[in-house]
Each structure stands twice: as C-alpha cells, then as structure tokens.
Amino acid sequence: MNSNTFLRMFGLNPDDFEPSKEGPIECEGGYIIDLVQKVNKDKRVCPRCKSTKCYSKGHYFGNYIDYSPDDGEIYFNITRQRLKCQSCGLSFTPSIKGVLPYSILTKNVERSIVEEFKTKTTFAAIAKRRHLSLSYIIKVFDQTFTYVPRGNLPEILCIDEFYFSREADYKYCCCLVDFKTHELLDIIKSRQKEFLDEYFDNISFKERSNVKYFVSDMYDGYERVKNKYFPKAIHIIDLFHVITLLTTAINSLRLQVVKQREANEMYDRFMKIHWDLFLCKYEKIPDKYYSPQNDDGVVYSYQEMVTECIKLDVDLWEAWNILQDLLHYKWYGSYEESLSFIVHVAERLKNTENKTLNKVADSYYKWRYEIANGFTKNQYHVHISNGIAECINNNIKTLLKLSYGYRNFERFRKRCLIMYLYNK
C-alpha cells in the first residue's frame, strides 16, 4: 500500500501532506511513514486575532502512532510548520485533521478505544494492548461518556443486588433488568432505603405505571419499593431463591447429622464427598455405584446411599421430601392451588423440631403470596424469574474481579450500561 492509502485508512486527509518518495517503510511490528505537512493559505490564520499575516518560523518533527489489526503499529513522522502572527506575535502550529491536539495519537485510535469500551474488557487490558497508560484510557472514557442515561422501565422489571464495595453505605448495588429484552437498564448505588427512594422518586408516575410484574428476592427493602412505587404490579419472588433457602438449610442439617450421630465411616464419607446429590431431584442422581473402603466387595448405587443417609435423621428425611415436592411441583397452575401448596410446605417445615427448618417455614409463610405468583401461570405463558438479572450480575462481578474493583461508582455504572444496554 502507498502512503495515501494508509492516510485514508486512519482518517487523515492525503491533501494535507506531502509523502516522501520512499513511501511506507516496513519495520519490526509495523510501518514508518515520513510526511511533510502542507500549510495552505486557509490555514495561515492566527487563532487569537484571526489575522492572515502569518509567516513561517521554522519546522519541527511530530511523531504520531496508529494501530492496524493487520499491519500492526503505524508510525507517522510528520514535519510540521511553525507560524508566527505579525499582528499579535502569537506563535502557533496549524492543526491537522484527524490528529488529536497535544497527543501522539490519531483520532482513529481514540475511536477504536471507544469501541473497545463496549466489550467486556478492562481498562487495564485495553491500555496494555494499545501500549498506553491506564490513566489515559480512563481519561478518554470520561471525556467521551460524560452522561449515560438509564433505560426506560419495562413491563417486567427484575431487581437484584451484587457485592460492590466494603463501604457500609455502598456494600451492595442494585441492578435493574428488563426480563423480556434481557437488557441492563440501570445500576443503583445501594440497596438501602434512602438510595432506593431517591432513585424511584425521580421517575415519573406514568413510567412507573408501565411495570406489570416486579421480580425480586426475599429482601424486605424490595417489598417496600414495590408497595410504594409499583402498587398495581404483581410481585413475584424468584423461585431460585425459594429453592436455595431450603437447600441451604438441608446442607446445614446434613453437616449436623454427620457431626452429632455415632460415627459410621461408609455413610459419613459419602455424605461429605457427595453433598450435591442431596440437593437435586432424585431422578437426577447419576447411575453410578459407590464402593466403601472395606474388604467385603459390596457396592451400592448412589440412589441407595442417598436414601439410607437421609433416613439417619427424621428432620433431614422430612426436609428432603419437601425439597423433592418443590422441585417436582407442576408450575403454571392456578393461584389458589399454588398458594395452598406453599402454605402446606410451610406447615410441614414448621412441624419439624429443627430451628433452621422453622426459620425457612417462617420465610415461606411470610412471602407465600409472592411465591405463589411465581408458580402461577401468567399472561405471557413463560416462567418469570430473576435468572436474567443473575446472569448479568455474574458478568458484572467478573468485570469487577478482573478490574480488582472500582473506586468510582459513576464510572463503573456508565461502563456497565455501555456494555449491556448501548452496545447494540
């Protein structure tokens, strides 16, 4: 390729330069292009007094860098002319279209950096790939995205929190997600009452009225937000948290059984190693066999071992059976059937003598109406859950982990919205 082709490729006007006769010189990692800036009459204008009486004051060499995915780094060695105004005495250098002022980079580099902000790449990784400083990448981001608006509230609004900072006021941030479009709408600085009120108070009543379903976990603050700002919306508790609440209790009860009862090496070892088999559907247990560490040569199927281990404790047996009922419950039934089912589950847990299971029963009964809404068939004929919000949360937490955290929340918020809302 000749010099003019490179200039056009990187957003520079070939009419503003006079290339050398050698053309692009190939070097290690890219090309070197020697150019001389042309200063026409329209550029001999003083930027201070607008006088056209300017004369040459010499030349200086400017070195500029651009990047090509195929050709590597492109070095533009430009001989630039220095001018001086006869009227006011100002010395200046005519600008070059496509070159950033007071920088060694072309505008094409900045545009490509801005495009990378839409990807799931950390600032540090972008700086390393571009051979630039981290502070410069952050400066480009802040100058480009001075304001990033939130998305409009949808018909199905999902809200979920994730860990952000050690500071007490901003320990957990809230993300708002559109269930239907799978888009991140906004991130709220904290899930505390004053932050949630300040955020939703600034949203018009008309827009808030568009929300027909409000999906959350069993956090009291979300219930208050729903009742105050979305009174006509149907509140749905994500069934994942309903199941997790019980599986956590069963896992705790399993450990108590191992510690408190008389030692039995075969059962204890199986319950410690294969803990996940006690938290899934019975038919999902793999068709494998367990061989105890003894000399009798007898093997047992995983299903047999799970059943025998659960029978060691009455409360564990009852909790496991309730979990199986929850996992096998036929979704999309009527509201009355779902409500009756969850109340019956809460009563069974309450009748046990285990305090951990009693706490689960209290939570189920307190949120029985919202949980029943999750089981009930809705107008969209789909299972509404917080799964989309959980997925986006995992991606956000991965970005936080790779970035070793963010100190500036507003910068973090804008970066997430650019990646998950405005990248299209």
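Colleague: Radius of gyration here is taken over C-alpha atoms, and the globule rule is 2.2 Å times the number of residues to the power 0.38. What radius of gyration does the chain have?

Modeller: The chain has 32 Å, whereas a compact globule of 424 residues would be near 22 Å. Bear in mind that this is a predicted model: local features need pLDDT of at least 70, side-chain atom pairs count only at pLDDT 80 or more, and totals for chains, interfaces and linings use all residues. Residues are numbered from 1 along each chain as its sequence is written, and side-chain values use heavy atoms, with hydrogens and water left out.

Colleague: What box do the C-alpha atoms fill?

Modeller: Roughly 100 × 65 × 40 Å, taken along the principal axes.

Colleague: And how many helices and strands?

Modeller: There are 16 helices and 13 strands. These are DSSP runs numbered from the N terminus: helices are H or I with at least four residues, strands are E with at least two.

Colleague: What share of the residues is buried?

Modeller: 47% of the 424 residues. Buried means under 20% relative accessible area, exposed over 50%, and partly exposed in between (1.4 Å probe, protein chains only).

Colleague: Let's pick a strand. Which residues of β10 sit on each side?

Modeller: β10 spans residues 213-216, with Y213 and V215 on one side and F214 and S216 on the other. The four are all buried, which leaves both faces of β10 covered.

Colleague: Switching to E116. Where is E116 found, and why does E116 count as buried or exposed?

Modeller: E116 is in helix α2 (residues 107-116). E116 counts as buried because its relative accessibility is 12%.

Colleague: What is E116 in contact with, leaving aside neighbours within four places in sequence?

Modeller: I126, R129, R130 and R415. Contact means heavy atoms within 4.5 Å.

Colleague: What about N351: buried or exposed?

Modeller: N351 is exposed, since its relative accessible area is 65%. N351 lies in the loop between α12 (335-350) and α13 (355-366).

Colleague: How far is the C-alpha atom of N351 from that of E318?

Modeller: 9.9 Å, with the two residues 33 apart along the chain.
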